[in-house]
Amino acid sequence: AINNIVRGLTMGPAGIVYVGGDFTNAGGDANADFIAQWNGAAWSALGSGMNGIVRSMVVLPDSTIYAGGDFTTADGNAAVKIAYWNGSAWSAMGAGLTGGGTNRAFKLALGKNNLLYVGGTFTAAGGVAASNIAVWNGVAFAPLGSGVTPADARNMVITTDGQLILSGDFNSAGGFSTTSGLAQWTGAAWVPIDSNLVSNPVAAGLALSPGGDFYTSTNIGSMISSGITAITNPGTARSYPIITIYGPTVAAARIFGIWNYTTNRVVYLNYTPNVGENAVLTLQPDNLSFVSNFRGDIMSLVMPGSNIADFFLQPGANNIGLFTTSTTITASLYYRPAVVSL
């Protein structure tokens, strides 16, 4: 049915399947250039298609189709790397995606309120500076902070709470060093995730399970993740801990954050302690502080998006994780059990 590679596939609300790729013919329809639809019985073109590869598509509830890839025209009209189909014709989305050498859209994803996220290789979206990732609100593009560098945003998934997990060939997101090829956008800031692909890989495939677990594939290397300790709070109310971090014994190493997986609270850190450096993170809401024995006040190393004033131990079990690139970094957590009084 298709005379070349299929790179993207999605289904619309009416059950129609849309495919994009390198092909120029679908089911004998020679107008199906790089994109086509299957209605359950036959293939057909969408207008006159594109002049280059279509890599990803999403369909809105009203059946509007967004498509991204390597093309520069849609229906014979200028549409640089991204376009939308209104049911009868393709239209450009502003100035499209430009810059970045061999620029292209690798992946589109639909977030809350029909926000369209696009990742790829580009330096501007709709004429607005955007480093390899941007969001379209139906009218115009906007960047996601300072984006990701040095290379592409390749794949993404949207979590149930509307946050975006991104994979690709990058090692910096929002200006901060991230776990290799993986980062998360909270809606306001880029933050690291609690796993690290080592050996400078390209994190390509990405998928999210209904339970919230995510899966990724890579071209080389292995993965490390946070060390997790179960802590039981015998109190009957929330307790706010004090965490002491003991620096590495071999060489300076990055700490990405501290997670309470039970309460979904995180303190993200852009902290690289030196050998012998210790730091105390006090998470009591009325007495917040982060102090190093080498540098003094280091509260500025707590990243935006952190639950800095709301990181607590719930009554009963809590699974606490510390994620760092060094196995010689450890931490101790102290807390005073609290009780509810009447």
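Reader: What does N25 touch, not counting residues up to four places away in sequence?
Author: N25 touches A1, I2, N3, A30 and A32, where contact means heavy atoms within 4.5 Å. This is a predicted model, in which local features need pLDDT of at least 70 and side-chain atom pairs count only at pLDDT 80 or more, while totals for chains, interfaces and linings use all residues. Residues are numbered from 1 along each chain as its sequence is written, and side-chain values use heavy atoms, with hydrogens and water left out.

Reader: Why is N25 called partly exposed?
Author: Buried means under 20% relative accessible area, exposed means over 50%, and partly exposed is in between (1.4 Å probe, protein chains only). N25 comes out at 22%, so it counts as partly exposed. You'll find N25 in the loop between β2 and β3.

Reader: What makes something a strand here, and how many are there in the chain?
Author: Strands are DSSP runs of E with at least two residues, helices are runs of H or I with at least four, and both are numbered from the N terminus. By that count the chain has 35 strands and zero helices.

Reader: How do you know that β2 and β3 pair?
Author: Two strands pair if DSSP finds at least two bridges between them. Strand β2 (residues 17-21) and strand β3 (residues 35-38) have four bridges, in the antiparallel sense. One example is Y18, whose bridge partner in β3 is Q37.

Reader: Which strands form the open sheet, and in what order?
Author: Four strands form it in the order β1-β2-β3-β4, with antiparallel pairing. β1 (6-11) and β4 (43-45) each have a single partner strand, so they stand at the edges, and one side of each is left without a neighbour in the sheet.

Reader: Why is β6 said to be largely enclosed by the rest of the structure?
Author: Because five of the five residues of strand β6 (residues 65-69) are buried. I65, A67 and G69 point one way, Y66 and G68 the other, and all are buried.

Reader: Which strands does β6 pair with?
Author: Strand β5 (residues 54-59) pairs with β6 over five bridges, in the antiparallel sense, and V54 stands opposite G69. β6 also pairs with strand β9 (residues 82-85), antiparallel over four bridges; there, the partner of I65 is W85. β5 and β6 form a hairpin with five residues between them, and S63 in the turn has a positive phi of about 75°.

Reader: Why is the W136 and F141 pair called tilted?
Author: Rings of Phe, Tyr and Trp (its six-membered ring) pair if their centres lie within 6.5 Å; planes under 30 degrees apart count as stacked, over 60 as edge-to-face and the rest as tilted. The ring centres of W136 and F141 are 4.8 Å apart and the planes are at 55°, so the pair is tilted. Both W136 and F141 are buried. The structure holds nine aromatic pairs. W185 and W190 form a tilted one too, at 5.2 Å centre to centre and 55° between the planes.

Reader: Why do W185 and W190 count as buried?
Author: W185 has a relative accessible area of 10%, so it is buried. W190 has 4%, so that residue is buried as well.

Reader: What makes R238 a charge over a ring?
Author: A charge sits over a ring if NZ of Lys or CZ of Arg is within 6 Å of the ring centre and within 35 degrees of the ring normal. The charged end of R238 sits over the ring of F312, 3.8 Å from its centre. The charged end of R154 sits over the ring of F106, 4.7 Å from the centre.

Reader: And T121, buried or exposed?
Author: T121 has a relative accessible area of 16%, so it is buried. T121 lies in strand β13 (residues 116-121), and its contacts beyond four places in sequence include G99, F106 and D152.
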